[in-house]
Amino acid sequence: MVRRLLSRVPLNYKNVLRPIGRVDIDIELCKGCHFCIEFCPNDVLVRSGKVNRQGYEYPIVDPNRADACVACGMCERVCPDYCIKVSDHIYVPVVEGVK
Ligand code: SF4
Ligand code: SF4
């Protein structure tokens, strides 16, 4: 057991891939609660400053943070109106220090 623990090696980040998620939002279903913005761990979603046909301010993916989405699916899970669909679309090497 001790021998197995000592044989552990640090993670080589160059060999680890992480997903960059694609987030699709049905803005007309949105009720503007902004739970998705609050719960995103990587600050990918922001207020759009625009309203849908029901008068609710819907979120958008921050154009400067789109690559920070790790496809965790949290925004999809917390949305009470099922407006969000998250999918993985590419995988890239993990770079230390990138959030
Ligand atoms: S959680 Fe859903 S309903 Fe709430 S702001 Fe986000 S997309 Fe709209
Ligand atoms: S999938 Fe995760 S990281 Fe991507 S926008 Fe939703 S909550 Fe943020």
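Student: By class, how many nonpolar, polar and charged residues does the shell around ligand 1 have?
Tutor: Two notes before the count: this is a predicted model, in which local features need pLDDT of at least 70 and side-chain atom pairs count only at pLDDT 80 or more, while totals for chains, interfaces and linings use all residues. Residues are numbered from 1 along each chain as its sequence is written, and chains are lettered from A and ligands numbered from 1 in the order in which they are written. Ala, Val, Leu, Ile, Met, Phe, Trp, Tyr, Cys and Pro count as nonpolar, Asp, Glu, Lys and Arg as charged, and the others, Gly among them, as polar. For ligand 1, that gives 11 nonpolar, two polar and two charged residues.

Student: Which residues come nearest to ligand 1?
Tutor: A residue is near a molecule if its C-beta atom, placed from the backbone, lies within 6 Å of it. There are 15 residues around ligand 1, and the elements giving two or more of them are α2 (35-39) and β3 (57-61). The nearest are Cys-30, Cys-33, Cys-36, Cys-79 and Cys-83.

Student: In what order do the elements of the chain run from the N terminus?
Tutor: Helices (H or I, at least four residues) and strands (E, at least two) are DSSP runs, numbered from the N terminus. The chain has three helices and four strands. Their order is α-β-α-β-β-α-β.

Student: Which residues touch the most other members of the largest nonpolar core?
Tutor: Such a core is a set of buried Ala, Val, Leu, Ile, Met, Phe, Trp, Tyr and Cys residues joined through C-beta atoms within 7 Å. Buried means 20 or more other C-beta atoms within 10 Å of the residue's own, exposed 12 or fewer, and partly exposed in between, with C-beta atoms placed from the backbone. This core has 15 residues, and those touching the most other members are Val-23, Ile-25, Cys-36, Leu-45, Cys-75 and Ile-84. The elements that give two or more residues to this core are β1, β3 and β4 (84-93).

Student: With which residues is Cys-36 in contact, leaving aside neighbours within four places in sequence?
Tutor: Two residues are in contact if their C-beta atoms, placed from the backbone, lie within 7 Å. For Cys-36, the partners are Leu-45, Pro-59, Cys-75, Val-78, Cys-79 and Ile-84.

Student: Why does Asp-88 count as partly exposed?
Tutor: Asp-88 sits in strand β4 and touches Pro-19, Gly-21 and Ala-71, not counting residues up to four places away in sequence. Asp-88 is partly exposed because its count of other C-beta atoms within 10 Å is 14.

Student: What is the phi of Ala-71 near?
Tutor: Ala-71 lies in the loop between β3 and α3, and its C-alpha is 6.0 Å from that of Asp-88, although the two are 17 residues apart in sequence. Ala-71 is a residue other than glycine with a positive phi, near 55°.
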